[in-house]
Amino acid sequence: MYAFDFERPKTIAEAVKALGREDAQALGGGQTLIPTLKQRLASPSVLVSLNGIKEMIGVRKEGDTLIIGGATPHAVVAKEAGAYPALAALAGAIGDPAVRNRGTIGGSVANDDPAADYPAAVLASGATVVTNARQIAADDFFQGLFTTALEAGEIITEIRFPIPGKANYQKFQQPASRFALTGVFVAKTAGGVRVAVTGASEDGVFRWTDAEQALSSNFAAGAIAGLKVSDDGMIGDLHGTPAYRAHLVKVLTGRAVSAA
Amino acid sequence: MTKVTMTVNGKAVSGEVEGRTLLVSFLREGLGLTGTHVGCDTSQCGACVVHVNGQPAKSCTAFAADLDGASITTIEGMANADGSLGTIQQAFQDHHGLQCGFCTPGMVMSSAALLAENPKPTEMEVRHYLEGNICRCTGYHNIVKAVLAASGQDVSKIAAE
Ligand SMILES: Cc1cc2nc3c(=O)[nH]c(=O)nc-3n(C[C@H](O)[C@H](O)[C@H](O)COP(=O)(O)OP(=O)(O)OC[C@H]3O[C@@H](n4cnc5c(N)ncnc54)[C@H](O)[C@@H]3O)c2cc1C
Ligand code: FES
Ligand code: FES
């Protein structure tokens, strides 16, 4: 690791100020960033830890919306997001217990790993990503592999999830990394059904709109029986071919609908 | 350099650290607590697991400077007050839950966290909870057996392998 300064602000305002320094970078749980720093793939001048900012940690419910602070660890979401059981279950199946105690929702969503779990929940729920500067709809937030709408120095302070009538996340785990080989989050919302797929596409998390239409008129696993998922642009690696992942998308969507 | 103060195994400690000083380096090199091992240094193996405020965390994947004020427990804090092995450690010895012993500190710390949260886990729950701890000697069967024994459950019917 290259050397860097370390700051641990107590408020969002202080963090934003510290992130104004040249080559400053936010630190969430460090479960992605610390391995990256060790490989010298990042060389910030200063790391600004978000872990001491109380206003960014915790889960609360306002009406039909579940609001999760940007620096809330996965383990806390697993325990406290009972009002949105599919989300709590997703958080409880990320990595292993030690990773869940430190990794945060803001870090995972900002990082936008193509095989990460949270992006599927954020996109399928039609959640709103709230930063220090603005509110970003999930549909505008994810922009491809490791790419989001966040500007330099902008931090996710909270994520607001409208709680769907029914929802379920099905993750086909890659057993060594425990990331999603493919994962499908299905949410039956007031505005229709939303289906978000992670782990499968070379462009990162995406909505399977054909399934959304079919399921909006008939919320049953059989409703997608006639649909085909193209393997065009699907990830192919030693764990699975593009065709295998395309197949998983459909199978997992059906399972999610049945379990929702 | 920043000054950090922590409680480690019940004792107040402090030291000067760089921003990039990992918790495991602070423990091993700063405090001489070499019971916590570095296996992979890539957040994968769990040999370095310690408790941070009672919860397991990989000490190779946390900065000391981020844990100012935290309470840390390491494997050195798991023995009884008289220096004899704690219940989980003793169960690992009794049931051959270690071969080379490299993964053992992390295994014991993760197991302790599991039993604090779930005092009578099933075999599947033990296996699931220990997913982030890798044993290069592959002695998983006896590790699981040791954890079940430490929880006070009868393991006499679990086959030797
Ligand atoms: C062994 C292992 C297994 C894992 N398994 C899974 C898994 O099954 N599923 C899964 O989804 N993930 C998995 N992960 C990744 C894990 O969930 C990470 O916690 C997550 O990807 C990053 O979150 P973090 O808080 O650790 O962020 P960090 O590593 O601290 O930061 C990641 C990036 O996000 C930025 N950042 C951090 N917080 C914010 C914020 N609030 N606002 C804006 N930018 C921010 C940082 O600057 C950095 O660029 C695993 C990790 C490990 C080590
Ligand atoms: S040394 Fe920390 S996880 Fe392997
Ligand atoms: S006992 Fe040798 S690595 Fe587990």
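1. The model is predicted: local features need pLDDT of at least 70, side-chain atom pairs count only at pLDDT 80 or more, and totals for chains, interfaces and linings use all residues. Residues are numbered from 1 along each chain as its sequence is written, chains are lettered from A in the order in which they are written, and side-chain values use heavy atoms, without hydrogens and water.

2. Chain B contains 5 helices and 5 strands, in the order β-β-α-β-β-β-α-α-α-α from the N terminus. Helices (H or I, at least four residues) and strands (E, at least two) are DSSP runs, numbered from the N terminus.

3. The C-alpha trace of chain B spans about 55 × 35 × 25 Å along its principal axes.

4. Of the 161 residues in chain B, 50% are buried (under 20% relative accessible area, 1.4 Å probe, protein chains only).

5. K171(A) sits in strand β9 (residues 166-173) of chain A. Its C-alpha atom is 8.8 Å from that of A93(A), 78 residues apart along the chain. The side chain of K171(A) reaches the backbone oxygen of A93(A) at 3.0 Å, and one of its polar atoms lies 2.8 Å from the backbone oxygen of R178(A).

How values were computed
Polar contact = N/O pair within 3.5 Å; in protein donor to acceptor, adjacent residues only side chain to side chain.
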